[in-house]
Amino acid sequence: MGRKLLLEHENVPGIQGLEVYRAKGGYRSVEKALRTMSPEAVVEEVKKSGLRGRGGAGFPTGMKWSFLAKPPGVPRYLVVNADESEPGTFKDRYLMERIPHLLIEGMITSSFALGANLAFIYIRGEYFYVSRILERAIAEARAAGWLGRNILGTGYDLEIHVHVGAGAYICGEETALLESLEGKRGNPRIKPPFPAVKGLYECPTVVNNVETIAAVVPIVNDGGEEYAKIGVGRSTGTKLISAGGNIRRPGVYEIELGVSCDEFINSDQWCGGVDGRAFKAVVPGGSSVPIVPYELFLKTAAGEDRLMTYESLSDGGFATGTMLGSGGFYAYNDAQCIVRSTWNHTRFYHHESCGQCSPCREGTGWMEKVLHRIEHGEGRMEDIDLLWDIQRRIEGNTICPLGDAAAWPVASAIRHFRDEFEFHVRHPQKVKDPRHFEKEPFVRKPKPATV
Amino acid sequence: MGATLKAVTTTEGVAPFAFSEHALAECHAIMARYPEGRTKSALIPILHIAQAGNDGWLSVPAMDAVAAVLGIQPIEVYEVASFYSMFNLRPVGRHVLEICRTTPCMLRGGDALIAHAEKKLGIHVGETTRDGLFTLKAVECLGSCGTAPMLQCGATYHEDLTPEAFDALIERLRATTVRSNYTDR
């Protein structure tokens, strides 16, 4: 289980440059699509591939593309989401830094399929240096005739520009991203209308994650059916996982969807197991997905081996499952405190709330305050139920999913680690030392299999 | 957005601002990327250029100059500048050290790095050293979780940081006279 479709050439010297990239088969998908296929045929291959959005939501890409409105005389846009702000996620940065032309190639092929003549890469401002790498790649591609007017003599025109942001998690949400790209605050828009109908400059727009657009390259080269042969069920193809936390081998790994969770976290091919202690919990898909105890990451509540797929990771719903999300994977060892981590997560969401919707703006602040006092030995037993109540009133009551993303880590931490919260209330003196579980790990009481 | 740095909302005692010729040419090149009538899109990229040309922060005169270049109202610039965490609305040190404090970094010692930095520089998060060389910030996830703990200074990521590596970085930065900007090439 080690086929690589995106990172096959990650370690080839000079792969950042056009010459080596081309020598390794780069830009074949552009030749194939522009010279031998219709735009509709490219969309069809993407549909057949079963590719799902790699930014976190997992929505079928071909379907998203087929929703794009095509009123005559109105420009259409492709916008690549390179905001990559979900904590734990650093795969797109790696891909853009290592193999920038793969993204450019995917954008040309995708823009052709969508009928876009202008495309943008919206990249988070912190990745300024990566934007320079992309700009160089675009200039190289343009000089070689892969961009600009009349590409390959086919009459198709395309320009790609890199647009840097300036630090705002919310701009990873596609409508906030479009607002930001228009030079405004990153306040998410009310949907509908969806970007496919009214997106950038009120024109039909497709917004896709970096990895999603890169995956279009092997899909067009080898055909959607070949791509769909990799993986399990509706989780087709490969996925980049950025692995961090208390593992021995942090890094970016391309896995075939369907690798077992046990193998992924413990084998030396990937995470390489725990960093000298014992695993306690896992967040497999970025900070917004539910945190699960290590045992529930390895096996479902029914005792089946869990797999790195969209379906298997969410098996059991939020009671016992989690989500594949963005692939921002991080693991906790037994020196870590779940209350401290939940407080940290919540501070993040409070800081990043755009402030439009009161449940999110106020609720994240209240949760941060309550979690701060529990973690610092000043909590009350009823605070735990209060937290539960606040998160429940945020979820589903906001314009964009940031509210849900702020609620889920709190809900899952209480669901699975309630005894650890209670310990904080009972032992205020012990938890005043910020490294309270380092010397004496918290021992969880065994739980019944069903919750 | 939780602003740790409060805005300076006056022009009194604040140096005037003008784009250099080179910077102005860059602004116009960026504006040309967007469709006709949509040049306001260039606002954030141009704010980065203005900040780099104004000692690392956006004063009211600097923001007003951005509004003039784009032909928009100053308030359209202020409301954007105050939303995004990379824009400093108060003067900062020559090198702004932004240490990631979000959970994945915390799991790998981000908190300890922040504590070490405070001690080494003799300031708290959000403050600037008396000599004006360093501003210390704790920021949210920078997408460098596999190489944590880490910090960003200007355009550069400093990763897998130990206390020793942090101290060595401080010495290197002390020795340079050039400001660290996000826009550095």
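R347(A) is buried, with a relative accessible area of 11%; here buried means under 20% relative accessible area, exposed means over 50%, and partly exposed lies in between (1.4 Å probe, protein chains only). This is a predicted model, in which local features need pLDDT of at least 70 and side-chain atom pairs count only at pLDDT 80 or more, while totals for chains, interfaces and linings use all residues. Residues are numbered from 1 along each chain as its sequence is written, chains are lettered from A and ligands numbered from 1 in the order in which they are written, and side-chain values use heavy atoms, with hydrogens and water left out.

**Salt bridges**

Let's stay with R347(A) for a moment. Its side chain meets that of E140(B) in a salt bridge, at 3.0 Å from N to O. The term stands for a side-chain nitrogen of Lys or Arg within 4 Å of a carboxyl oxygen of Asp or Glu. Side chains of opposite charge can pair when their charged atoms come close. E140(B) counts as buried too, at 6% relative accessibility.

The structure holds 46 salt bridges over all chains. Three of them are set out here.

| Pair | N to O distance |
|---|---|
| R347(A) and E140(B) | 3.0 Å |
| R52(A) and E311(A) | 2.8 Å |
| R93(A) and E97(A) | 3.6 Å |

R93(A) and E97(A) both lie in helix α5 of chain A, four residues apart, about one turn of the helix. Helices (H or I, at least four residues) and strands (E, at least two) are DSSP runs, numbered from the N terminus. R93(A) is buried at 7% relative accessibility, whereas E97(A) is partly exposed at 26%. R52(A) is buried as well, at 10%, and E311(A) is partly exposed at 32%. There is also a network of salt bridges, linking R54(A), K91(A), D92(A), E211(A) and K239(A).

**Where the chains meet**

The contact (heavy atoms within 4.5 Å) takes 56 residues from chain A and 43 residues from chain B. Together the two chains bury about 4200 Å², 55% of it on carbon and sulfur atoms. Buried area is the accessible area (1.4 Å probe) that two parts lose on being put together, summed over both. On the chain B side, R33(B), F83(B) and L107(B) lose the most area to chain A, together 16% of what that side buries. Four salt bridges are found across this interface.

What makes strand β8 of chain A largely enclosed by the rest of the structure? Eight of its eight residues, 238-245, are buried, so the strand is largely enclosed. T238(A), L240(A), S242(A) and G244(A) point one way, while K239(A), I241(A), A243(A) and G245(A) point the other way.

Two strands pair if DSSP finds at least two bridges between them. β8(A) pairs with β9(A), residues 251-256, in the antiparallel sense over six bridges. L240(A) stands opposite E254(A) there, and a hairpin of five residues joins the two strands. With β12(A), residues 328-333, β8(A) pairs in the parallel sense over four bridges, and S242(A) has G328(A) as its bridge partner.

**Helix α9**

Helix α9 of chain A, residues 210-222, is mostly covered, with twelve of its 13 residues buried. Among the buried ones is E211(A), a member of the salt-bridge network above. N209(A) caps the N-terminal end of this helix, with a side-chain oxygen 2.9 Å from the backbone nitrogen of E211(A). Just after the helix, G223(A) takes a positive phi of about 95°.

Key:
A polar contact is a pair of N or O atoms within 3.5 Å; within protein, one must be able to donate a hydrogen and the other to accept it, and residues adjacent in sequence count only if both atoms are side-chain atoms.
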